[in-house]
Number of protein chains: 6
Amino acid sequence: MSTDLETGLPSIRQIQNLIRDEKEVEMKLLTNDLLTGKIRWQDQNCICMVDHYDQPTVIWRQAIAYMKPKP
Amino acid sequence: MSTDLETGLPSIRQIQNLIRDEKEVEMKLLTNDLLTGKIRWQDQNCICMVDHYDQPTVIWRQAIAYMKPKP
Amino acid sequence: MSTDLETGLPSIRQIQNLIRDEKEVEMKLLTNDLLTGKIRWQDQNCICMVDHYDQPTVIWRQAIAYMKPKP
Amino acid sequence: MSTDLETGLPSIRQIQNLIRDEKEVEMKLLTNDLLTGKIRWQDQNCICMVDHYDQPTVIWRQAIAYMKPKP
Amino acid sequence: MSTDLETGLPSIRQIQNLIRDEKEVEMKLLTNDLLTGKIRWQDQNCICMVDHYDQPTVIWRQAIAYMKPKP
Amino acid sequence: MSTDLETGLPSIRQIQNLIRDEKEVEMKLLTNDLLTGKIRWQDQNCICMVDHYDQPTVIWRQAIAYMKPKP
């Protein structure tokens with residue numbers, strides 16, 4: 001595993017766009033938690049979301065079921 | 001992990017066909033969620049489905065239990 | 001990950017036999033779903049089962065707990 | 001992933017011994033199923049158990065939580 | 001897998017900062033356990049947290065859903 | 001995957017110490033089982049615990065959520 005994120009992949013690029021556009025998303029986790037917020041950064045292991053109070057949550061990729069941009 | 005999808009695999013090709021034919025599918029996830037829609041794209045990490053309102057959901061492959069084309 | 005299935009492994013060969021012999025099997029998934037049918041094909045990611053109405057279900061290997069040939 | 005099982009590992013050797021000695025074991029799966037029987041074979045993906053009626057169950061390694069030889 | 005942690009990744013560095021600053025965090029696990037404490041060390045497999053009584057808990061990375069620094 | 005355990009990692013060394021010191025530990029699994037006992041051996045796939053009656057349980061690493069040495 002290298003330090004570079006595969007920015008050629010649509011799923012990685014889409015998340016980069018969501019970060020840039022500061023769009024709200026919903027993340028459903030394998031724990032059945034549903035987290036809402038904006039994505040701040042991503043790396044190979046994790047995706048970081050911030051909520052309305054600007055509190056960060058670092059989500060492990062392995063725990064993600066799906067992600068839905070808020071319409 | 002390279003940027004290329006293994007298009008020689010039946011499971012990958014079948015999804016490519018479902019994208020091309022805009023067929024409706026059901027996706028059962030490890031969270032026990034059952035999502036319905038059309039597949040828009042796939043990459044190595046994720047499969048993107050759109051629902052009847054054309055809202056996208058990016059599903060992590062790791063979270064998929066099974067997929068059933070609607071008869 | 002190459003496109004070739006490791007046909008030397010007993011678990012892979014046994015599934016090949018089940019496909020050839022069109023035997024009924026039960027698949028228990030990590031979601032606790034129990035699927036019944038005949039195996040149509042396998043690749044490195046997935047196993048495809050068809051039910052009594054010949055409807056296919058593509059099962060991700062990662063979601064399989066166990067498989068039992070019907071006696 | 002090669003076709004050879006790492007027979008140098010204690011966990012692999014212990015299962016080989018259980019096969020040879022035809023010892024009864026309990027397998028607890030991530031589904032919370034508890035299977036009882038004798039181990040017939042193992043490969044890199046799966047472990048095969050047979051029950052009292054000699055019916056085989058092929059268990060995917062990924063689904064195993066623990067194994068207890070019956071005292 | 002080598003013995004070196006990828007200290008270039010934001011998720012790894014953020015945990016290093018949390019260790020250095022002795023900040024309290026919440027860890028949500030795939031078991032739905034919610035653990036609270038300070039992170040003592042991390043390696044490639046695990047993250048070690050200590051609670052208010054200085055008792056350590058070694059958490060396997062594979063079991064982590066998300067981590068939230070306490071505000 | 002080679003036959004050698006990465007003894008340079010803190011998590012592996014800590015388990016080696018627990019084996020040598022015959023300390024009691026609690027293991028929480030992804031099944032939500034909580035096992036108590038002493039660790040007898042570890043390899044790359046599994047960790048073996050023995051209970052008060054000296055009965056062994058072979059735990060697959062993939063199923064471990066966390067481990068707590070008994071205070």
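## Contacts, burial and a helix face

Student: How do you know that chain A and chain D do not touch?

Tutor: Keep in mind that this is a predicted model. Their nearest C-alpha atoms are 14 Å apart.

Student: What about chain A and chain F, and how far apart are their closest C-alpha atoms?

Tutor: Those lie 11 Å apart, and no contact joins chain A and chain F either.

Student: Okay, then which residue counts describe chain B against chain A?

Tutor: There, 21 residues of chain B are in contact with 23 residues of chain A. Chain B and chain A bury about 1,800 Å² between them, and carbon and sulfur atoms give 57% of that area.

Student: What makes B:Asp33 and A:Lys28 a salt bridge?

Tutor: Set the distance against the cut-off: the closest N and O atoms of B:Asp33 and A:Lys28 are 2.6 Å apart, and the rule asks for a Lys or Arg side-chain nitrogen within 4 Å of an Asp or Glu carboxyl oxygen. The pair therefore qualifies. The rule finds 1 salt bridge across the interface of chain B and chain A, along with 8 residue pairs in polar contact, both residues being at pLDDT 80 or more.

Student: Which strands of chain B supply at least two residues each to the side that touches chain A?

Tutor: Strand S2 (34–42) and strand S4 (56–60) of chain B do. S4(B) gives the most, with 5 residues.

Student: How about chain F and chain D, and what makes F:Asp33 with D:Lys28 a salt bridge?

Tutor: The closest N and O atoms of F:Asp33 and D:Lys28 are 2.6 Å apart; the limit is 4 Å, so this pair passes. Across the interface of chain F and chain D the rule finds 1 salt bridge, and 8 residue pairs are in polar contact, both at pLDDT 80 or more. From chain F, S2 (34–42) and S4 (56–60) each supply at least two residues of the side touching chain D, and S4(F) has the largest share, 5 residues.

Student: How many residues and how much buried area go with chain F and chain D?

Tutor: Count 21 residues of chain F in contact with 23 residues of chain D. The buried area comes to about 1,800 Å², 57% of it on carbon and sulfur atoms.

Student: Last one: how do you know that the buried residues of H1(C) share a side?

Tutor: In H1(C), the buried residues are C:Ser11, C:Ile12, C:Ile15, C:Leu18 and C:Ile19. They cover an arc of only 120° around the axis, which puts them on the same side of H1(C).

Student: And how does the length of H1(C) compare with what is expected at 1.5 Å a residue?

Tutor: H1(C) runs over residues 10–21, which is 12 residues, and reaches 16 Å from first C-alpha to last, close to the 16 Å expected. C:Glu22 follows H1(C), with a positive phi near 50°.

Terms used. Residues numbered from 1 in each chain as written. Chains lettered and ligands numbered in written order. Predicted model: local features only at pLDDT ≥ 70, side-chain atom pairs only at ≥ 80, totals over all residues. Heavy atoms only, no water. Helix = DSSP H or I, 4+ residues; strand = E, 2+ residues; numbered from the N terminus. Expected span 1.5 Å × (residues − 1). Buried < 20%, exposed > 50% of the residue type's maximum accessible area, 1.4 Å probe, protein only. Arc of directions from axis to C-beta. Contact = heavy atoms within 4.5 Å. Buried area = accessible area lost by both parts, 1.4 Å probe. Polar contact = N/O pair within 3.5 Å; in protein donor to acceptor, adjacent residues only side chain to side chain.
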